[in-house]
Amino acid sequence: MPIYEKLMGNPFVDAGVCGICEWLGRTVQPDQITKDDLERVVDEIVPIMKPFDKKRPEAHGWKNWISIFTNNHKLSNPSIKKDQRVPQFKSLLFKYIDEVEKLGQAGDCMGCGRRDANTWLTRTGVPLTGAGNCNYFPIFSEGAGYCSACAYAIQMSPLVFMATAGKFLTLHSNSWKALKSWARVCVEDVREQQLKQEIAGCYTPGYANPRNGIFYMTREMLKYGEMRPDENISMQVYCWTNYIQGPELEVFYMPAPIFKFLRIVYMGKFNKTWQEIVRCGYLVNWDKVESEDDYKNRTNRVYENLLQDISILGFFINRQHRKPRGNWELLSLYFKEVRSMEITRLEKIKQVGNLIAECIKESGSDKRLTRLERAKSYEACRTVLLYIIKERIKLGAEKPLFSLDDYMEHLFPESEDFSATPWRETRDLLLFRIYEKLHNWLQEKGFVDFDEDEDDTSDLDSESDTE
Ligand SMILES: [Zn+2]
């Protein structure tokens with residue numbers, strides 16, 4: 001039996017195993033790792049993990065030890081002489097390696113559950129373990145039992161943590177490839193630090209806002225294109241600190257449909273448009289922005305809504321300029337993947353939007369469009385559609401705008417919780433399509449007489465209103 005395997009379930013252990021594999025080589029799998037490999041990793045990595053010395057900042061060093069493993073850790077303990085810290089840490093790791101056993105069928109280790117615990121770790125050995133507050137504190141005793149192989153892996157997990165404003169983001173996922181891609185991002189950064197001989201510590205791309213950080217993580221890991229589009233990959237991201245005074249833990253969850261949607265937009269032709277949509281989710285005064293650092297940690301409503309399962313349809317529509325952000329293909333991708341809307345419903349709405357656009361164009365006026373934009377209730381929305389139906393008949397249209405079945409099933413269906421029909425969603429989807437078809441015409445006709453460069457998002461605040 002091997003020492004490790006993929007996805008053993010404990011986020012810190014899996015992070016460590018991933019970091020070890022990535023360090024040993026891109027194609028190394030957990031079940032290939034031997035004791036010799038673990039020794040090699042100690043010899044190569046521990047010198048890099050030399051702690052930062054405030055008195056000798058020019059010597060560089062890993063800064064995060066106290067925040068990750070408290071000041072009792074071998075590398076941060078003030079009672080251990082500075083020149084003794086690395087050797088003592090090394091001998092602890094070699095002790096773990098000596099005691100490593102192969103994976104068994106079952107055991108009481110908190111990391112793998114496949115070997116018996118032979119070492120007792122407190123929060124100096126595993127973050128957030130065995131004390132009050134938000135720590136893992138299952139048996140009201142200081143610490144928890146781990147096997148040596150897991151204890152060793154956890155000591156290597158900082159290789160793949162992302163540091164963010166004094167806290168850390170640790171990724172866990174149902175997909176080994178996802179974990180591995182993220183490990184690659186972090187380990188490449190550590191290797192670069194090593195190459196430049198400017199070791200600073202965990203990968204720190206400057207995200208203090210963990211929600212924005214998760215989307216950054218997703219984008220970075222997708223760069224390697226190792227995940228197949230049909231894989232159902234979900235992610236949990238733990239944002240935590242292990243300070244003795246006031247440890248913190250927040251867990252963010254990115255469900256598989258959102259990951260899948262992002263995978264398609266980040267990797268394909270929609271990437272640029274998607275970035276524009278994300279940009280208008282930031283609460284920021286763009287006049288004062290000089291670089292990405294001025295806004296990347298601000299609240300982003302697109303990201304917040306995605307993580308909270310709230311629709312982001314409003315961000316696809318530039319109401320002031322009567323213009324879509326992105327095209328129908330991107331919008332329907334979002335609705336299909338993330339909002340689980342049926343294709344037939346989307347197609348019907350698109351078709352009705354096309355017919356309304358034609359009718360508006362033939363009428364030569366934007367009166368009906370304005371009414372549709374301003375509809376504040378389901379009744380008002382229906383009334384506008386009724387006028388458009390009449391107008392189409394007057395103009396000699398051959399087919400009706402929609403059938404009664406389309407109306408009941410696709411345009412204004414009963415909502416799942418039997419509250420009012422989601423008329424606002426349908427209305428906004430129609431507006432999106434009408435803008436897509438008519439924006440140029442509306443501009444030519446002078447029905448859009450705004451400055452195109454000014455991207456006002458103030459209208460988005462009313463998006464969550466329901467009636
Ligand atoms: Zn274990």
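Is Glu-379 buried, partly exposed or exposed? Glu-379 counts as partly exposed, at 45% relative accessibility. Here buried means under 20% relative accessible area, exposed over 50%, and partly exposed in between (1.4 Å probe, protein chains only).

This is a predicted model: local features need pLDDT of at least 70, side-chain atom pairs count only at pLDDT 80 or more, and totals for chains, interfaces and linings use all residues. Residues are numbered from 1 along each chain as its sequence is written, and side-chain values use heavy atoms, leaving out hydrogens and water.

**Salt bridges overall**
- A salt bridge is a side-chain nitrogen of Lys or Arg within 4 Å of a carboxyl oxygen of Asp or Glu.
- The count by this rule is 32 salt bridges.
- One network of salt bridges links Glu-22, Arg-26, Lys-180, Arg-184, Glu-188 and Glu-226.

**Within helix α14**
- Glu-379 pairs with Arg-382 in a salt bridge, with the closest N and O atoms 3.7 Å apart.
- Both residues sit in helix α14 (residues 378–394), three residues apart, so about one helical turn separates them.
- Helices (H or I, at least four residues) and strands (E, at least two) are DSSP runs, numbered from the N terminus.
- Arg-382 is partly exposed, at 34% relative accessibility.

**Across the sequence**
- Glu-373 and Arg-322 form a salt bridge through their side chains (2.8 Å, N to O).
- Glu-373 belongs to helix α13 (residues 367–374) and Arg-322 to the loop between β7 (317–318) and β8 (323–324), so the pair ties together parts 51 residues apart in sequence.
- Arg-322 is buried, at 7% relative accessibility.

**Glu-337 and Lys-336**
- The side chains of Glu-337 and Lys-336 make a salt bridge (2.9 Å, N to O).
- Glu-337 is buried at 13% relative accessible area, whereas Lys-336 is partly exposed at 36%.
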